[in-house]
Amino acid sequence: MSLNLENALSFFQLSCGRWRSQRSVHHLLHRRAEAGGSLIVVEELAADDQRLRELAELHGQDPAGLVGGCWVRWSASMAWDKAGEDHTGESVIGLIPTDQRGREGILLRDLGYAEKAPASSRFCMDERDGLLLSTDYETMSVWERFAFQGPNVRVRSSTVEGLSNNASFCIETRCDNRQKERPGASATAGSAATSAPALSLLGW
């Protein structure tokens, strides 16, 4: 199955819903892999949503440049968790394109992926409609790629360099029992794709 995603906003619109995914993290220091899973819920936010406007102002960006965004919630567990350790959270994400097609720009978060602080990433979409993110934090840099394998299956790979060094791969499966069909995110298929729900990842 191939998807035609016009821009980054279409990518995020197709990402809305409930997801479960399976995650494997390779810790370079320990030379070992750790498995984990979580449930993720993604809800679309309109460009004029007050949460997005506040997010843009937090990052010193003009809210008028926003085209939309989403609110993400997650609940996760990892194999090496200690008793009482909690991996739940939520984050507001906003998109500010810097090109006319909306395939490159700035992604704003009120809670980062590698460090729990507001984060700003550069995004671009590659020739296969994958979404690439690069984020520089205080103590590390993160590169991520998200890609749909169909409207109900998404994969994610990431590398973290700096204070912590690891690489991870996730497979996410939609679990809200409905395929997202939105303008700019049309699917063409030679055969139908079905997938059983898996476990899931640690948010965005």
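A salt bridge is a side-chain nitrogen of Lys or Arg within 4 Å of a carboxyl oxygen of Asp or Glu. Keep that in mind as we walk through this predicted model. Arg109 and Glu144 make such a pair, with their closest N and O atoms 3.9 Å apart. This bridge links distant parts of the chain, since Arg109 sits in strand β6 and Glu144 in strand β9, 35 residues apart. Both Arg109 and Glu144 are buried.

By the same rule, the count comes to 7 salt bridges. One of them brings together the side chains of Arg73 and Glu43, at 2.5 Å from N to O. Arg73 belongs to strand β4 and Glu43 to strand β3, so this pair ties together parts that are 30 residues apart in sequence. Arg73 is partly exposed, at 29% relative accessible area, and Glu43 is partly exposed as well, at 34%.

Now look at Asp129 and Arg103, whose side chains meet in a salt bridge of 3.0 Å, N to O. Here the partners come from loops: Asp129 from the one between β7 and β8, Arg103 from the one between β5 and β6, so parts 26 residues apart in sequence get tied together. Asp129 counts as buried because its relative accessibility is 14%, and buried means under 20%. Arg103, at 10%, is buried too.

Last stop: Ser141, back in strand β9. Ser141 is buried, at 19% relative accessibility. Its side chain makes a polar contact with the side chain of Asp136, at 2.8 Å. Leaving aside neighbours within four places in sequence, Ser141 also has contacts that include Thr159, Val160 and Glu161.

Definitions and conventions
Residues are numbered from 1 along each chain as its sequence is written. This is a predicted model: local features need pLDDT of at least 70, side-chain atom pairs count only at pLDDT 80 or more; totals for chains, interfaces and linings use all residues. Side-chain values use heavy atoms; hydrogens and water are left out. Helices (H or I, at least four residues) and strands (E, at least two) are DSSP runs, numbered from the N terminus. Buried means under 20% relative accessible area, exposed over 50%, partly exposed in between (1.4 Å probe, protein chains only). A polar contact is a pair of N or O atoms within 3.5 Å; within protein, one must be able to donate a hydrogen and the other to accept it, and residues adjacent in sequence count only if both atoms are side-chain atoms. Contact means heavy atoms within 4.5 Å.
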